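This briefing is meant for a reader coming to the structure for the first time. Please look over the sequence and the model below before turning to the points that follow.

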2 protein chains.
Amino acid sequence: MTNEQSRPLAWVAVDWGSSNLRAWGMDQQGNVIAQSSSDKGMLSLKPDEYEAELLHLISPWLPASSRVEVMVCGMAGARQGWQEAAYLPVPTPLGQLSQGAVMPTLTGSQLRVYLLPGLSQTRSDSRHFDVMRGEETQLAGLVADTPEFSGLVCLPGTHSKWATLDSGAITQFTTYLTGELYQLLATQSVLKHSIGSDALNDSACRAAFIDAVSEVNAAPETFSSRLFGLRAQDLLDSELPVGKTRGAVLAARLSGLAIGLELSGACQSRPSDEPITLIGNQALCQRYTMALNAIGYQTHYLDGDTAVLAGLKLAHQALPH
Amino acid sequence: MTNEQSRPLAWVAVDWGSSNLRAWGMDQQGNVIAQSSSDKGMLSLKPDEYEAELLHLISPWLPASSRVEVMVCGMAGARQGWQEAAYLPVPTPLGQLSQGAVMPTLTGSQLRVYLLPGLSQTRSDSRHFDVMRGEETQLAGLVADTPEFSGLVCLPGTHSKWATLDSGAITQFTTYLTGELYQLLATQSVLKHSIGSDALNDSACRAAFIDAVSEVNAAPETFSSRLFGLRAQDLLDSELPVGKTRGAVLAARLSGLAIGLELSGACQSRPSDEPITLIGNQALCQRYTMALNAIGYQTHYLDGDTAVLAGLKLAHQALPH
């Protein structure tokens with residue numbers, strides 16, 4: 001916990017995910033003056049435990065009396081979270097997320113908590129069923145900076161999200177199970193005997209990653225056979241390095257297969273002269289940049305924490321005060 | 001254990017897999033006169049335990065003195081099995097598997113055990129690294145019946161194998177991780193909350209299965225997003241049935257996505273007027289027939305047990321006697 005509180009606290013920003021919770025104390029100008037975090041995510045809390053956990057983190061920052069607004073995004077607003085903030089359907093202007101916020105009843109009176117909604121997409125001609133909860137606030141952070149933003153945005157992760165933005169509104173989005181597929185295959189499948197640590201920290205690993213991305217992007221129908229091919233390669237390929245590098249090369253290849261499958265779906269028939277905006281942690285976004293560059297796309301990068309804070313700030317400004 | 005031993009035992013056929021073991025007592029004419037099985041597969045045995053386990057199953061059948069040959073296919077011949085029978089490289093005539101058999105040293109002198117080899121494929125222009133161990137004997141069973149067989153054969157399962165046969169020789173094969181992908185996704189991923197029992201036993205399930213096969217076969221790049229789409233559909237789709245049928249429909253859809261991905265790779269640019277031969281258990285082969293018919297292919301069916309017995313018999317006949 002840090003607290004550089006020379007300036008007075010104006011409001012609190014919270015990103016409350018499935019497995020952790022991060023809170024930032026904000027001043028009137030939108031600067032961070034304190035921050036704290038815990039591992040009490042949605043999966044480890046009952047509805048009546050959220051208020052105490054929040055107070056545990058932020059009470060050192062609170063002024064003696066005046067009321068403080070708390071903007072919360074993420075899984076705290078899920079049905080199985082603190083209280084459900086129902087999904088807003090796309091298309092949704094990203095500056096209007098706070099219109100779908102719900103206010104849970106609190107035992108104390110100092111806080112006024114707003115749980116922001118996620119977004120949903122139901123089936124229509126060009127769309128399929130999909131949901132997001134948390135990423136919409138990062139997308140709002142992009143729009144906070146560029147209100148009329150239009151373009152394709154990727155938020156890589158366990159469940160990677162690709163969103164199409166048009167003049168600051170999200171019109172369509174698609175979730176890929178990439179990170180989860182990688183984890184399951186690397187740790188639970190027949191491949192677990194072959195897969196080592198995945199860091200892309202030497203040239204052999206980077207080459208294996210890029211090759212795999214390119215192969216599956218060009219021929220996504222080969223994804224499943226290339227998975228088993230990793231195991232067979234480990235058994236048969238006399239050119240594979242030995243020792244730790246062997247497992248690292250095969251891990252890089254598995255990561256490339258999983259990301260290549262995502263890109264083949266997400267970039268299909270996209271003109272390659274439109275750069276793709278990546279939002280997320282730096283290492284993962286660098287990996288996606290390598291992959292996207294390899295198949296002919298340029299990228300822009302926006303840090304995930306910067307984006308979520310900017311999105312929460314935009315939502316806070318949009319509250320009726 | 002059954003034993004209808006009015007006729008004398010001539011030899012013993014054994015299919016020794018990762019998780020179980022099946023043995024058949026054969027007479028001189030190639031008829032099954034006894035059979036037995038156990039759950040002592042390769043994964044639960046050390047090398048020096050195989051002989052005792054085999055004797056435990058077949059000693060009631062053995063004559064008082066004369067030597068008995070035992071033909072074994074499957075994982076008992078893997079490096080981590082009884083003793084390694086090194087992979088034969090493709091192309092390999094399927095009538096010649098016994099040329100790669102190894103004979104483990106035994107403590108007793110009545111048995112003469114032959115462990116059949118698997119097949120391997122190393123990278124070349126049109127091929128990739130791949131291995132099989134067990135399925136080659138089922139393919140030999142097909143060739144036993146039709147020595148000059150040419151065509152495409154599918155052995156569905158945890159790791160589905162697709163083999164191209166040319167005049168009784170296997171020239172190329174590809175493994176798809178289909179069954180394992182299904183299991184991991186159904187039981188370990190975010191989808192586990194949505195997936196029920198998968199039996200395709202009503203028309204809604206069969207329709208969901210067929211639709212999913214067709215969608216992914218036509219657009220394999222959508223596989224990963226359609227996976228997450230199952231979860232979103234469970235959250236959002238008001239037209240989904242409730243109760244047990246809901247989970248069954250979503251399970252059918254997941255099965256269709258996994259099999260559709262396999263078919264998109266295996267059938268690509270195959271002329272649809274060549275029937276595909278399916279070898280395996282009846283229920284699974286019926287499911288693959290539904291899937292293949294939906295995308296325009298006809299199938300032939302050969303029972304998996306019949307095939308493995310015929311293959312072991314072919315290998316036994318080919319031993320120098």
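In chain A, helix 7 (residues 282–294) lies across strand 11 (151–155), strand 12 (160–166), strand 14 and strand 15, and runs at about 155 degrees to strand 14 of chain A. Helix 8 (residues 304–317) of chain A also packs on the sheet, where it touches strand 14 and strand 15 of chain A, and its direction makes about 65 degrees with that of strand 15 of chain A. Contact here means heavy atoms within 4.5 Å, while axes are lines fitted to C-alpha atoms, for helices over the stretch in contact, with angles running from 0 to 180 degrees between N-to-C directions. Helices (H or I, at least four residues) and strands (E, at least two) are DSSP runs, numbered from the N terminus.

This is a predicted model, in which local features need pLDDT of at least 70 and side-chain atom pairs count only at pLDDT 80 or more, whereas totals for chains, interfaces and linings use all residues. Residues are numbered from 1 along each chain as its sequence is written, chains are lettered from A and ligands numbered from 1 in the order in which they are written, and side-chain values use heavy atoms, with hydrogens and water left out.

**The sheet of chain A**
- Six strands of chain A form an open sheet with mixed pairing, in the order 7-13-12-11-14-15, where two strands pair if DSSP finds at least two bridges between them.
- Strand 7 (92–93) and strand 15 (299–303) of chain A are at the edges with a single partner strand each, so one side of each has no neighbour in the sheet.
- Strand 14 (residues 276–280) of chain A pairs with strand 15 of chain A in the parallel sense over five bridges, and A:Ile279 stands opposite A:Leu302 in strand 15.

**A sheet of chain B**
- Three strands of chain B form an open sheet of mixed pairing in the order 6-9-10, with strand 6 (88–89) and strand 10 (130–132) of chain B as the edge strands.
- Helix 5 (residues 223–236) of chain A lies across strand 9 and strand 10 of chain B, at about 90 degrees to strand 10 of chain B.

**Between the chains**
- The contact takes 39 residues from chain B and 39 residues from chain A.
- Chain B and chain A bury about 3,500 Å² between them, 71% of it on carbon and sulfur atoms; buried area is the accessible area (1.4 Å probe) that two parts lose on being put together, summed over both.
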